[in-house]
Amino acid sequence: MYIARVPNRKSRPAILLRESYREGGKVCTRTIANLTNWAPERIVAMERLVKGEFDDWSGEMTSGESFWG
């Protein structure tokens with residue numbers, strides 16, 4: 001999975017969550033979600049998540065930190 005920024009002619013670029021796969025030896029792309037209307041900080045967090053930056057996170061919260069924000 002990866003985040004793709006697709007330019008639009010006179011609009012802002014579309015920001016899409018995509019997945020690549022092979023079909024008959026050919027590389028294909030599937031769009032999973034349109035993230036264009038998300039807040040920029042949420043898009044950055046999703047990019048980090050997709051890149052695996054949270055893979056070593058133990059899941060423990062520091063004091064005063066809430067799981068739900």
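Biologist: What does the accessible surface of the chain come to, and what share of it belongs to carbon and sulfur atoms?

Modeller: The accessible surface comes to about 5,900 Å², and 50% of that belongs to carbon and sulfur atoms. Please keep in mind that this is a predicted model.

Biologist: How many of the residues count as buried, as a percentage?

Modeller: The chain has 69 residues, and 17% of them count as buried.

Biologist: What secondary structure does the chain have, and how do the elements run from the N terminus?

Modeller: There are 1 helix and 3 strands. Starting at the N terminus, the order of the elements is β-β-β-α.

Biologist: Which residues of α1 are buried?

Modeller: Ile43, Met46 and Glu47 are the buried residues named for α1. They lie on the same side of the helix, because they cover an arc of only 105° around its axis.

Biologist: Why do residues three or four places apart in an α-helix point the same way?

Modeller: An α-helix has 3.6 residues a turn, so residues at that spacing point the same way.

Biologist: What covers the buried residues of α1?

Modeller: The cover includes strand β1 (2–6) and strand β2 (14–23).

Biologist: Which residues form the largest nonpolar core?

Modeller: That core has 6 residues: Ile3, Ile15, Leu17, Leu35, Ile43 and Met46. The elements giving two or more residues to this core are β2 and α1.

Biologist: Back to the helix for a moment. Is Val50 buried or partly exposed?

Modeller: Val50, which lies in α1, counts as partly exposed because its relative accessibility is 27%, and the buried class is limited to values under 20%.

Biologist: How far apart are Val50 and Tyr2, in sequence and in space?

Modeller: Val50 and Tyr2 are 48 residues apart in sequence, yet their C-alpha atoms are 6.3 Å apart in space. Apart from neighbours within four places in sequence, Val50 is in contact with Met1, Tyr2 and Leu17.

Biologist: In the chain as a whole, what share of the contacts with a separation of 6 or more comes from residues 24 or more positions apart?

Modeller: Such residues account for 18% of those contacts.

Biologist: What follows α1?

Modeller: Gly52 follows α1, and its phi is positive, near 85°.

Biologist: A change of topic: where does Thr36 lie, and is Thr36 buried or exposed?

Modeller: Thr36 lies in the loop between β3 (26–34) and α1. Thr36 is buried, because its relative accessible area is 14% and buried means under 20%.

Biologist: What is Thr36 in contact with?

Modeller: Leaving out neighbours within four places in sequence, Thr36 is in contact with Arg12, Pro13, Ala14 and Ile15.

Note on methods: Residues are numbered from 1 along each chain as its sequence is written. This is a predicted model: local features need pLDDT of at least 70, side-chain atom pairs count only at pLDDT 80 or more; totals for chains, interfaces and linings use all residues. Side-chain values use heavy atoms; hydrogens and water are left out. Buried means under 20% relative accessible area, exposed over 50%, partly exposed in between (1.4 Å probe, protein chains only). Helices (H or I, at least four residues) and strands (E, at least two) are DSSP runs, numbered from the N terminus. The arc is that of the directions from the helix axis to the C-beta atoms. Contact means heavy atoms within 4.5 Å. Accessible areas come from the Shrake-Rupley method with a 1.4 Å probe; for residues, only the protein chains shown count as cover. A nonpolar core is a set of buried Ala, Val, Leu, Ile, Met, Phe, Trp, Tyr and Cys residues joined through side-chain atoms within 4.5 Å.
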